[in-house]
Amino acid sequence: MPSLPAPPSETEPRIGDVLDSRYRITGVLGSGGMGCVYLAEHISIRRPLALKLLHPEIEGIDEVNQRFERE
């Protein structure tokens, strides 16, 4: 049986949150050491998408940001 993704931490977005007035978080697709991948919907065009966000505790680290952008 596949394992379920770890739930978002208290400081990460939750299902239903809207980011940048454009993206509504609708679910969690996966989570890892660097961040979390959410299922989201672009509000104005109602299109589903995956939204990857760094964990808040590491998002200010330059090396981590550079690796994230390369991915």
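These notebook entries record what I looked up in the structure above.

**Entry 1: basis.** I worked from a predicted model, in which local features need pLDDT of at least 70, side-chain atom pairs count only at pLDDT 80 or more, and totals for chains, interfaces and linings use all residues. I kept the numbering from 1 along each chain as its sequence is written, and side-chain values use heavy atoms, with hydrogens and water left out.

**Entry 2: elements.** I listed 4 strands and 1 helix in the protein chain. Helices (H or I, at least four residues) and strands (E, at least two) are DSSP runs, numbered from the N terminus. I read their order from the N terminus as β-β-β-β-α.

**Entry 3: whole-chain totals.** I found that 24% of the 71 residues of the protein chain count as buried. Buried means under 20% relative accessible area, exposed over 50%, and partly exposed in between, with a 1.4 Å probe and protein chains only. I noted an accessible surface of about 5200 Å² for the protein chain, 54% of it belonging to carbon and sulfur atoms. The areas come from the Shrake-Rupley method with a 1.4 Å probe; for residues, only the protein chains shown count as cover. I then looked at contacts (heavy atoms within 4.5 Å). Of those in the protein chain with a separation of 6 or more, 25% are between residues 24 or more positions apart.

**Entry 4: strand pairing.** I took two strands as paired if DSSP finds at least two bridges between them. β2 and β3 pair in the antiparallel sense over 7 bridges, and a hairpin joins β2 to β3 through 3 residues. I also found β3 and β4 paired in the antiparallel sense, over 8 bridges. Of the 8 residues of β3, 6 are buried, and I recorded this strand as mostly covered. I followed E41 across the pairings: E41 in β3 is the bridge partner of R24, and E41 stands opposite P48 in β4.

**Entry 5: positive phi.** Which residues other than glycine did I find with a positive phi? D20 has phi near 55°, and R46 has phi near 50°. I placed D20 in the loop between β1 (18-19) and β2 (23-31); D20 is exposed, with a relative accessible area of 51%. R46 lies in the loop between β3 (35-42) and β4 (47-54), and the hairpin of these two strands has 4 residues between them. I noted R46 as exposed too, with a relative accessible area of 60%.

**Entry 6: salt bridges.** I counted 5 salt bridges in the structure, each a side-chain nitrogen of Lys or Arg within 4 Å of a carboxyl oxygen of Asp or Glu. Side chains of opposite charge can pair when their charged atoms come close. D20 forms one with R22, the closest N and O atoms being 2.2 Å apart; R22 is partly exposed at 38% relative accessibility.

I next examined E71, which forms a salt bridge with K52, the closest N and O atoms being 2.5 Å apart. E71 lies in the segment after α1 (62-70) and K52 in strand β4, so the pair ties together parts that are 19 residues apart in sequence. E71 counts as exposed at 54% relative accessibility, while K52 counts as partly exposed at 38%. E71 also meets R67 in a salt bridge (3.6 Å, N to O), and R67 is partly exposed, with a relative accessible area of 45%.
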